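Here is a short report for a reader meeting this structure for the first time. Please keep the model open while you read.

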Amino acid sequence: MIKQTLFFSTPVCLSLKNSQLVISWKDTDEKVTRPIEDIGCVVLESQMINITLPLLNELVKNNVAVILCDNKMMPTAMLQSLDSNTTQSENIKSQIAVSEPMKKQAWKQIIEAKIKNQSAVLDMFCKNGSILKPFYANVKSGDTDNREGIAAKIYWTQLFGKDFKRDRCGDSPNELLNYGYSILRAATARALLGSGLLPNLGIFHKSRYNAFPLADDVMEPYRPYVDSIVFNLYADGITELNKDSKMEIMRLLSCDVNIGKVMRPLQIALTFTTASLVKYYAGEIKKISLPFIL
């Protein structure tokens, strides 16, 4: 079942009643309800939202990604469940015990999938996707020669032109990309927690200031799905974040993703990826289930 994404950009009152999220407004008696079990992600953008603690607890218990935005309307935090999987303890033991060679092989698979998807995005928009083939065809264990970084420079130039520089604080469409990646990161963290993994223990990304390095690792092959949405927006002359562009980017979570020749919505595909990572850590499989753009 595809989980709903709820986006609140105006002042509302959010509460809980009979396992339902209740949406109400101060100046009207109108109320709207949504079953908690049908919700996958809640984005709280407006700084004037009133939300009850019982509702927050129920959302977290149901592994709903609750994303908080700052006064610039950019995602800044996500509520994290401390008990989201019945086999979490066992999974975490395997996660902690995984060897460095296995981590390096996992990173190799992730980077291969990412660059392949970048190549597919270029082909999708009639760019020169084949230019990236030498990079995804020769990724070493642990990507020791930084194929990812070299491919990225070529990719961004091909996609948005030679004057574009991918920078969080850079010119448009960087702001659109930042927003999409923030949503993707939260959805990835949700999937990891649902699979009983700690998003705090990364494969490649490591920083004392990064709370979700594993989410940053796992989301890498999914980034090109954000890129394709942003490219379409930018090509249509949309260069800044507004209600319409945000809603279009939020469609990311329901876009079609191919894993193992089966098409699934992205938010479902993420759960297949994270579940396969659990098996990889436990030594049950050698290949992680990763997305590929056809």
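## Arg-166 and its surroundings

Start with Arg-166. Setting aside neighbours within four places in sequence, Arg-166 is in contact with Trp-156, Asn-174, Leu-177, Asn-178 and Tyr-181. Keep in mind that this is a predicted model.

Arg-166 sits in the loop between helix 5 and helix 6. Is it buried, exposed or partly exposed? Its relative accessibility is 23%, so Arg-166 counts as partly exposed; the buried class ends under 20%. Asp-143 is 23 residues from Arg-166 in sequence. In space, the two are 21 Å apart, C-alpha to C-alpha.

## The largest pocket

Arg-166 also belongs to a pocket. The largest pocket is lined by 36 residues. Those nearest its centre are Arg-166, Arg-168, Tyr-181, Asp-216 and Arg-223.

The volume of the largest pocket is about 980 Å³. Which elements supply at least two residues each to its lining? They are strand 8, helix 3 (100-124), helix 5 (147-160), helix 6 and helix 8 (223-235).

Strand 5 and strand 7 pair in the parallel sense, over 4 bridges. Leu-44 stands opposite Leu-68 in strand 7.

## Enclosed space

What does a rolling probe show? Rolling a probe the size of a water molecule over the atoms shows where empty space is left. The structure holds 3 cavities of 30 Å³ or more. The largest cavity has a volume of about 70 Å³.

Its lining consists of Gly-40, Cys-41, Ala-65, Ala-187, Arg-190, Ala-191, Leu-253, Gln-267 and Leu-270. Strand 5, helix 6 and helix 10 (266-281) each supply at least two of the lining residues. Helix 6 gives the most, with 3 residues.

## Helix 1

Helix 1 spans residues 53-61, and Leu-55, Leu-56, Leu-59 and Val-60 are buried there. Seen down the helix axis, these buried residues fall within an arc of 130°, so they line one face of helix 1. The face turned away from the buried side carries the exposed residues Leu-53 and Lys-61.

What do the buried residues of helix 1 pack against? Their partners are strand 2 (13-17), strand 3 (20-24), strand 5 (39-44), strand 6 (50-51) and strand 7 (65-69). Helix 1 is followed by Asn-63, which has a positive phi, near 55°.

## Gly-129

The last stop is Gly-129, in the loop between helix 3 and helix 4 (133-136). Its relative accessible area is 1%, so Gly-129 is buried. Not counting residues up to four places away in sequence, Gly-129 touches Ser-119, Leu-122 and Asp-123.

Arg-34 is 95 residues from Gly-129 along the chain. The C-alpha atoms of Gly-129 and Arg-34 are separated by 43 Å.

Methods. Residues are numbered from 1 along each chain as its sequence is written. This is a predicted model: local features need pLDDT of at least 70, side-chain atom pairs count only at pLDDT 80 or more; totals for chains, interfaces and linings use all residues. Side-chain values use heavy atoms; hydrogens and water are left out. Buried means under 20% relative accessible area, exposed over 50%, partly exposed in between (1.4 Å probe, protein chains only). The arc is that of the directions from the helix axis to the C-beta atoms. Contact means heavy atoms within 4.5 Å. Two strands pair if DSSP finds at least two bridges between them. On a 1 Å grid over the protein atoms alone, a cavity is a set of points where a 1.4 Å probe fits but cannot get out, and a pocket is an open set with protein on both sides within 12 Å along at least five of seven lines; lining residues have an atom within 4 Å of a point. Grid points are joined across faces, edges and corners, and a volume is the space filled by probe spheres set on the points.
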